Amino acid sequence: MIYLDYNATSPVHPEVRRAMAPFLEEAFGNASSLHAKGRESRGAVESVRAKVLKALGDPEGQLVFTSGGTEADNLALKGIPLCLKDKGSHLVISAVEHHAVLNPAQALAQDGFSVTVVPVDDQGRVDLEALKESLTPRTVLISVMHANNEVGTLQPIEEIGQMARERGILFHTDAVQSFGKEPLDVRQIPVDLVSISGHKLGGPKGVGALYLRKGVRLRPLLHGGPHEHGLRGGTEGVPGIIGMGAAVEVTLKEQREGVLAKVKSLRDRLESGLRERIPEVKVNGHPEERLPGTLNVSFIGCHAETLLMALDLAGICVSTGAACSSGATEPSHVLVAMGLSPSQIQGSIRFSLGWGTSSGEIEECLEKIPPIVERVRHAKVGVSP
Ligand code: PLP
């Protein structure tokens, strides 16, 4: 089987499994317990916290462990406006955010907050002029993702952060897809809140974190014990946190060892190979400002779900749009926001490569995919006239 769906989730890295094992066995203590078993877990959790903050470039910052990227996004999107209600009730997001940002923003809108959704261009980059014009003295939060999960486009977060900083507005970025793959140093980029998730990096599922610049306050969503400095009640998921810490370490090491450069060159090989071998393919997203492992391609005249199933039968795992929305018949909101044609949207497949992808797999894909596309095009299954 050839797995090209790393943006949905990554296989768990062997070093992550090794790091987690003791915390599923003898090191089972509750990190809040005062005895030796508890202190062992607490020490390990705090060392991950320090490691992640260092990786973000801010050892002085705060990090709240969550159940994943979705909870981290919700905590930022709801926690900030609820805390700053007296200052203002307006927030700004982009049209290509993940549902983990879009839906909490929509929920706030139902509760009386006002939300501006800023458009993107045909490569998926946020319209900075429209963003600037949307800001008012009542704006309390801007949330624009670092990298898009469907097309991989990177956003100009430095400029957005600057705009926010000049106006005293907090800036959140969803870095779930980019953390560890693209540089994100909060000393260089004026960003106040960052969401990350363990399972996109080779860590386990069900763990993530929200970074907050020192002094940023928010309203917790989960009320319980005094865990996470009162910002997120609930016994810390120690094995998961340890796994995410190990995944961050492995990813940074791989970055230094050139693994990401290899992933990018395999992605480029797949892109040029598909273009050479198959007529009428269109690559979606920004040509350069893009995650190294992401390739979103429209096979014009194909129905993406039919193609996905045919590729699956051939042992190739890919995705149509976001994993969380696959199975839904709705067209991808990201591709719609980019203004792509219906045939481009209908035929769009996302290949996402990662640390385990080999050049042999890419060559095999380049042999197998062209006749499958030809067959699906010929069959015209599900393609509207
Ligand atoms: N944000 C982005 C950009 C994502 O791609 C995802 C997952 O696909 C999430 C948030 C949600 O993260 P999690 O699966 O950890 O809840």
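User: Where does Ser348 lie?
Analyst: Ser348 lies in strand β12, residues 348-352. Strands are DSSP runs of E with at least two residues, and helices are runs of H or I with at least four, numbered from the N terminus. This is a predicted model, where local features need pLDDT of at least 70, side-chain atom pairs count only at pLDDT 80 or more, and totals for chains, interfaces and linings use all residues. Residues are numbered from 1 along each chain as its sequence is written, and side-chain values use heavy atoms, with hydrogens and water left out.

User: Ser348, buried or exposed?
Analyst: Buried, because its relative accessibility is 4%. Buried means under 20% relative accessible area, exposed over 50%, partly exposed in between (1.4 Å probe, protein chains only).

User: What does Ser348 touch?
Analyst: Leaving out residues up to four places away in sequence, its contacts include Asn284, Asn296, Thr320 and Leu335. Contact means heavy atoms within 4.5 Å.

User: New topic. What is the domain assignment?
Analyst: Domain 1 is 2-8 + 258-379, and domain 2 is 14-254. The bounds come from an automatic or database domain assignment. Their centres, taken over C-alpha atoms, are 28 Å apart.

User: How much area is buried between domain 1 and domain 2?
Analyst: About 2400 Å², with 57% from carbon and sulfur atoms. Buried area is the accessible area (1.4 Å probe) that two parts lose on being put together, summed over both. On the domain 1 side, Leu291, His333 and Met338 supply 24% of the area buried against domain 2, more than any other three residues.

User: Which elements supply the domain 1 side?
Analyst: α8 (259-277), β10 (294-299) and α10 (333-337) each give at least two residues. The largest share, four residues, comes from α10.

User: Last one. Where is Arg377?
Analyst: Arg377 is in helix α12, residues 359-379. Arg377 is buried, at 12% relative accessible area. A polar atom of its side chain lies 2.9 Å from the backbone oxygen of Pro279.

Key. Polar contact = N/O pair within 3.5 Å; in protein donor to acceptor, adjacent residues only side chain to side chain.
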